[in-house]
Each structure stands twice: as C-alpha cells, then as structure tokens.
Amino acid sequence: MANVLIGATGSVAAVRVPALFDAFTAAGHAVKVVATDAATYFFDPAPLRANGALVLDSDEWPGTRYERGDAVRHIELRNWADVFVLAPLDANTLAKLAVGLCDNCLTCVWRAWDTARPVVLAPAMNTLMWEHPFTRRHLRALAADAGAGHIPAHLADDALIQQINDRSPTLRVVGPITKALACGDTGIGAMAEVPDIVAAVQAILAKAKAA
Ligand SMILES: Cc1cc2nc3c(=O)[nH]c(=O)nc-3n(C[C@H](O)[C@H](O)[C@H](O)COP(=O)(O)O)c2cc1C
C-alpha cells in the first residue's frame, strides 16, 4: 500500500480521472488528486471533493490573506506522496515540468518533488502535438534529470520511451495509444488505458521497495 498522488491536467483524457482514482483505490492504495483548473473541465470534481481527495488551485489560493501556520498544500502533498502519477499529462504541463515552471499547485508539487521517489507520466494529446519536436525534447530533458543519461534525439517514439523506462531508476512513461481522438482525428496521442497506468505504478513501487 502506498500514497498515490494523481496529477491531472487539461487533456480530454481527464474524463478518466475518477476511473484512475477508483483503480488505485481498488489496488489498496491511499489516493489523492491534484488537478489543474483546465483538468476540471473534463470531470466532475464533486465526488472527489466530498471525500477530501481532490486538491485544486483554489485550495492553495483560498481568497483570504495568508497567515503564518496556514497549510501550504503543494508541500503537504509532496510530503504525503510516495509516487506521483501525472495522468493525463498534457502538452502544456509537460513543457512546464521540463523547464521547472511552477505556476499552479500541481507544478509546485513537481518542483518540490523528492527526486528519489518514483514518477509515472501518462501523456495525452492530439497526434500533431505528440509528434511535435517539443514533445521529445521535453521527455528527453525529464529523462536526463531522472538519471537516464543521454538519450539520442533520433530514436522513434517507442524506442525513446523504452530507453527512458529501461535506464531511469525513478521515471516511467506510459506511452499514448492510437485511437479515435476527441478532436475527430484518429492517431497516436490518447492516454494509455487505466490498467496499464496502474500496472506501471505497481511495478515501479515494487522496484522502489526492493531497492
Ligand atoms: C476540449 C479541449 C480538449 C483538450 N485536450 C487536450 C489534450 O488532450 N492534450 C493536450 O495537451 N491539451 C489539450 N487541450 C489544451 C489544454 O487544455 C491547454 O493547453 C491548457 O492550457 C492546459 O492547462 P494545464 O496544463 O494547466 O492543465 C484541450 C483543450 C480543450 C479546450
């Protein structure tokens, strides 16, 4: 059993956030979700809010003046989580992660993250975004920071993800899949299936426990 923090961003695949929450809960984990404002366009936050499992930017910035001793939610979440699962990870937040921008609660968790702890990324975006050179550049930057060493720029997507997953002790990428996308295109970019994301998390948690 682990403390699983789901980071949800503004991909249409955020419709799967409740299913992800349920799947990790069913696997015996304690689960919390930190979501960007854009993510909440795609799922109903009410049930997760009702049981205190969902943290939003409005919790970091409640509209009242900060007083010493008030909670700093991104640090609380960072301290609580054993693993950070960014699912879905959209193109915008992927770019922020790669350069360290931290302008919302989710990216502040990332920026304060204990880099010895595991991270699982499940990118989800339109095919054109996925195939843009920025995507590889950002994934390669994250892989280098996560101990995967230099990963050549010329690799095909599958090989790139395989090398990251083989070489990094802490980072796992669950690559997107090909299907009919919400925009009407058919192509690669849809978020991986929920059981595959859960399996990747289980595997890296088991590895971390064995180390
Ligand atoms: C209907 C709709 C669907 C979207 N789907 C995606 C997506 O699947 N992947 C993606 O990278 N961006 C997608 N976007 C764009 C992001 O929501 C946008 O870049 C947003 O600023 C992301 O903010 P965040 O990273 O803070 O969540 C979508 C936008 C809309 C309006």
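Trainee: Over how many bridges do β1 and β4 pair?
Mentor: Strands are DSSP runs of E, at least two residues, while helices are runs of H or I, at least four, both numbered from the N terminus. Two strands pair if DSSP finds at least two bridges between them. For β1 and β4, which pair in the parallel sense, the number of bridges is four.

Trainee: Before we go on, what kind of model is this?
Mentor: Residues are numbered from 1 along each chain as its sequence is written. Local features need pLDDT of at least 70, side-chain atom pairs count only at pLDDT 80 or more, and totals for chains, interfaces and linings use all residues, the model being predicted.

Trainee: Which residue of β5 is the bridge partner of valine 85?
Mentor: Let's walk across the strands. Isoleucine 6 has valine 85 as its bridge partner in β4. β4 is also joined to β5 (residues 119–123) by four bridges, and these two run parallel. There, the partner of valine 85 is valine 120.

Trainee: And how many residues of β4 (residues 83–89) are buried?
Mentor: Buried means that 20 or more other C-beta atoms, placed from the backbone, lie within 10 Å of a residue's own; 12 or fewer is exposed, and in between is partly exposed. β4 is mostly covered, and its buried residues number seven of seven.

Trainee: How many residues are in the largest nonpolar core?
Mentor: Such a core is a set of buried Ala, Val, Leu, Ile, Met, Phe, Trp, Tyr and Cys residues joined through C-beta atoms within 7 Å. Among those touching the most other members are Ile6, Val85 and Val120, and the core's residue count is 64.

Trainee: Why do the buried residues of α4 sit on the same side?
Mentor: In helix α4 (residues 73–80), His74, Leu77 and Arg78 are buried. They share a side because of the arc they cover around the axis, taken from the directions from the helix axis to the C-beta atoms, and that arc is only 100°.
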